[in-house]
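The questions come first, and the answers set values against cut-offs.

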Amino acid sequence: MNEFLVYLIRASLCLIVFYLFYEVFFRRSTYFRLNRVLLLAGLVLSFVIPLLRFSNPAVAPEFLNRPILIDPITIRPDAQTSTPAYDVAFNFYILVPVLYFAGAILLLLRFLLSVRQAVRIKNNGRTVRRGRWTIVETNDGTPFSFFSLIFLPGQGADPLILEHEKVHVDERHWLDLLLVEAAALVLWFNPFVFLYKRSLKLQHEYLADARVTGDPAQVVPYLECICQQVQTASVGGPTSQFHCKTVKNRIMMMTKNKTSRRYAAIYLLALPLAALLTMAFSGAPQSGSPDAITRLQAANVQFDLTRPAPAPVMEAVRPEAVPAPAPSSTPAPVEVATPVTQTPPPPTPVNPQETIFLNVETMPKFQGGDVMAFRTWVSSQLKYPAEAVEKKIQGRVMVSFTVERDGKVGNIVILSSPSELLSDEVVRVVSSSPDWTPGMQRGEVVRVRFNVPIDFAM
């Protein structure tokens with residue numbers, strides 16, 4: 001769930017950046033079709049960019065040998081649970097998904113109700129065919145389009161209104177609306193997604209208005225038609241309504257001078273913006289991240305990357321190789337030792353099946369949660385040994401274990417402990433752990449190692 005929350009945050013940030021980019025540069029532009037493309041592309045990229053994965057060969061040495069370390073668990077004789085701060089964290093871990101899915105469900109119900117209302121209006125109206133378009137004559141005074149249907153008042157509607165709604169159907173604006181409604185369903189907690197939806201709907205209206213007023217003689221009658229009509233109801237959902245709440249903006253755009261052609265070049269700025277967002281918010285592994293070679297050999301050999309290279313070995317000079325000094329006043333030449341560097345042995349081939357990773361793209365999950373769920377389970381199972389209480393033994397036990405490819409816990413090693421009494425209790429609990437969902441690295445199930453500090457305190 002943590003990975004999903006991180007994805008939602010990254011997608012939200014991308015969407016905010018794309019919206020601000022549109023709002024600053026193109027909100028008043030009369031390139032309505034380009035605006036529509038820009039908004040749709042930004043919406044799709046906001047959800048795609050966080051899913052991208054790129055390899056980063058540059059790995060900082062200080063991260064290569066760093067295992068996953070779970071927050072300390074505190075065990076006391078009179079309270080066999082962890083400290084209250086972590087209980088709050090665990091409750092928060094449960095509360096956030098509940099609130100998120102509750103909001104998403106409410107928004108989905110609202111969407112379904114709006115669809116149901118449109119279907120009910122269709123069932124109560126009279127459907128007729130006019131060329132390529134399906135017209136639903138209703139008793140309601142609000143004209144709108146819903147998917148490929150055009151809803152018009154039964155008592156007769158201005159032909160200009162019909163032309164306006166035909167544009168929505170011909171250009172399939174309902175597809176855009178379904179896409180933005182789905183985005184709002186996923187990112188409902190982000191207020192910018194609703195501003196994004198409003199901006200996209202407004203571009204739809206601008207496009208339809210521009211098509212109808214393509215003939216300059218239709219501008220004045222069309223403006224009169226808009227001003228005479230009054231919106232009496234709102235269907236909502238994936239509908240394009242003629243009398244939207246932004247009539248003032250539409251009138252301003254219809255009477256505004258066209259944006260300069262040179263200004264269209266600014267739309268190319270979206271390309272470097274998308275590249276920057278990809279670098280910032282994609283899942284590209286950074287130094288020490290899962291895609292780096294952060295793994296430990298099965299023999300538990302630690303790689304000390306900070307160890308200096310071996311010093312060169314000096315080749316000793318045998319005494320008999322040194323000539324005796326000549327009986328002369330000229331000093332004999334001194335033979336200097338030649339440094340010889342040892343060639344390191346070739347690396348031992350490693351079986352990928354036996355490699356133990358310290359960090360992977362998809363970390364193992366415990367009972368549907370992350371390591372925090374495992375930490376809570378361990379704290380509920382551990383008991384302070386009675387003999388240790390009598391002898392007043394306390395301190396930190398550091399235990400290391402591996403989540404195997406089949407999800408079982410193995411390779412349990414006590415790294416440090418003040419007493420065997422505490423070590424035995426920790427081994428007892430960790431070895432009885434339920435199966436995990438194993439970790440994944442580049443699409444393959446792998447072994448992952450964890451270190452868990454457990455504090456026994458009197």
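Q: How do you know what counts as a helix or a strand, and how many of each does the protein have?
A: Helices are DSSP runs of H or I with at least four residues, strands are DSSP runs of E with at least two, and both are numbered from the N terminus. By that rule the protein has 13 helices and 15 strands. Please keep in mind that this is a predicted model, where local features need pLDDT of at least 70, side-chain atom pairs count only at pLDDT 80 or more, and totals for chains, interfaces and linings use all residues. Residues are numbered from 1 along each chain as its sequence is written, and side-chain values use heavy atoms, with hydrogens and water left out.

Q: Why is leucine 175 called partly exposed?
A: Buried means under 20% relative accessible area, exposed means over 50%, and partly exposed is in between (1.4 Å probe, protein chains only). Leucine 175 has 42% relative accessibility, so it counts as partly exposed. This leucine 175 belongs to helix H6.

Q: What makes lysine 392 exposed?
A: Its relative accessibility is 67%, so lysine 392 counts as exposed. Lysine 392 sits in the loop between helix H12 (386–390) and strand S12 (395–403). Across the protein, buried residues make up 41% of the 458 residues.

Q: What makes a set of residues a nonpolar core, and which members touch the most others in the largest one?
A: A nonpolar core is a set of buried Ala, Val, Leu, Ile, Met, Phe, Trp, Tyr and Cys residues joined through side-chain atoms within 4.5 Å. The largest such core has 32 residues, and Leu38, Leu43, Phe47, Tyr196 and Leu277 touch the most other members. Among the elements that give two or more residues to this core are helix H1 (2–25), helix H2 (32–48) and helix H10 (270–281). H1 gives the most, with nine residues. A second, separate core of 30 residues includes Ile73, Ala388, Trp436 and Val452.

Q: How do you know what leucine 277 touches?
A: Contact means heavy atoms within 4.5 Å. Leaving out residues up to four places away in sequence, leucine 277 touches Cys14, Val17, Phe18, Ile49 and Ser282.

Q: Why is the pair of phenylalanine 147 and tryptophan 174 called tilted?
A: Rings of Phe, Tyr and Trp (its six-membered ring) pair if their centres lie within 6.5 Å; planes under 30 degrees apart count as stacked, over 60 as edge-to-face and the rest as tilted. For phenylalanine 147 and tryptophan 174, the centres are 5.1 Å apart and the planes are at 45°, which gives a tilted pair. Phenylalanine 147 lies in the loop between strand S5 (144–146) and strand S6 (149–153) and tryptophan 174 in helix H6, so the pair ties together parts that are 27 residues apart in sequence. Phenylalanine 147 counts as partly exposed at 29% relative accessibility, and tryptophan 174 is partly exposed at 23%.

Q: What makes the pair of tryptophan 188 and phenylalanine 189 edge-to-face?
A: Their centres are 6.2 Å apart and their planes are at 80°, which makes the pair edge-to-face. Tryptophan 188 counts as partly exposed at 27% relative accessibility, as does phenylalanine 189 at 36%. The structure holds 28 aromatic pairs.

Q: How do you know that lysine 166 lies over the face of tryptophan 133?
A: A charge sits over a ring if NZ of Lys or CZ of Arg is within 6 Å of the ring centre and within 35 degrees of the ring normal. Lysine 166 lies over the face of tryptophan 133 at 4.1 Å from the ring centre.

Q: How do you know which strands pair with S12?
A: Two strands pair if DSSP finds at least two bridges between them. Nine bridges join S12 to strand S15 (residues 444–456) in an antiparallel arrangement, with glycine 395 opposite phenylalanine 456. Five bridges join S12 to strand S13 (residues 409–416), also antiparallel, and there valine 403 stands opposite valine 409. S12 is mostly covered, with seven of its nine residues buried.
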